[in-house]
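Open the model in your viewer and keep the selection tool ready. This tour goes stop by stop.

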Amino acid sequence: MKRRDFINWVGLGCLASSLPVAIAACSPETSTSANAATKGWQKVGTVAQLNKTGQLLVENSPIGAVLVVRTSKATKNLIAVNPSCTHQGCTIDWKAKDSKFVCPCHGAEFAKDGKVKQSPAKKPLKTYQAKIEGSSVLVKAT
């Protein structure tokens, strides 16, 4: 193989390998996700998933475990917390009727803002900002 042919093949290979990156950068889904990620927002699910039960539990999101709760069906009011009880790590439940989080293991209760309402937990739940953008549910560490 001649040197000129070799250089042409290498150049063509570089061009071909960068083509998928250029296509991905121009696609609308990727650019929306990239914009959200650059601002600190992470997609944790879809509005359709949230609408099924009024809450969305994601154990392996990019920012860790997240429980997103819709407080009213008529609005986009969302609450997002780390669902691990600060007492011993059990997964908390949202009690919509009482507007509070309850640990099923030892009865600790937390307010909507994550603050402890009833022991044995001593520390508040970690909270996140949450929003709906298009058909995606996004969260951001506070």
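Which residues touch the most other members of the largest nonpolar core? Select Val81, Cys85, Ile92, Phe101 and Phe110: of the 14 residues in that core, these touch the most other members. A nonpolar core here is a set of buried Ala, Val, Leu, Ile, Met, Phe, Trp, Tyr and Cys residues joined through side-chain atoms within 4.5 Å. Buried means under 20% relative accessible area, exposed over 50%, and partly exposed in between, with a 1.4 Å probe and protein chains only.

Before moving on, note what you are viewing. This is a predicted model, where local features need pLDDT of at least 70 and side-chain atom pairs count only at pLDDT 80 or more, while totals for chains, interfaces and linings use all residues. Residues are numbered from 1 along each chain as its sequence is written, and side-chain values use heavy atoms, leaving out hydrogens and water.

**Stop 1**

Helices (H or I, at least four residues) and strands (E, at least two) are DSSP runs, numbered from the N terminus.

**Stop 1: a hairpin**

Show residues 55-61, strand S2, and 64-70, strand S3. They pair in the antiparallel sense over five bridges. Two strands count as paired if DSSP finds at least two bridges between them. The hairpin from S2 to S3 runs through two residues. Find Ser61; Gly64 in S3 stands opposite.

**Stop 2: the open sheet**

Next, display S5, S6, S7 and S8. These four strands form an open sheet in that order, with antiparallel pairing. Strand S5 (93-95) and strand S8 (116-118) are the edges, each pairing on one side only. Inside the sheet, S6 (residues 100-102) and S7 (residues 109-110) are joined by two bridges. Val102 stands opposite Glu109 in S7.

**Stop 3: the cysteines**

How many disulfides does a search of the whole structure find? One. A disulfide is a pair of cysteine sulfur atoms within 2.5 Å. Select Cys90 and Cys105, whose sulfur atoms are 2.0 Å apart. Their link is left-handed, with -105° about the S-S bond. Cys90 lies in the loop between S4 and S5 and Cys105 in the loop between S6 and S7, so the pair ties together parts 15 residues apart in sequence. Cys90 is buried at 19% relative accessibility; Cys105 is partly exposed at 41%.

Finish with Cys85. This residue is in no disulfide, and the nearest cysteine sulfur, that of Cys103, is 3.8 Å away. Cys85 is buried at 5%, and Cys103 is buried at 3%.
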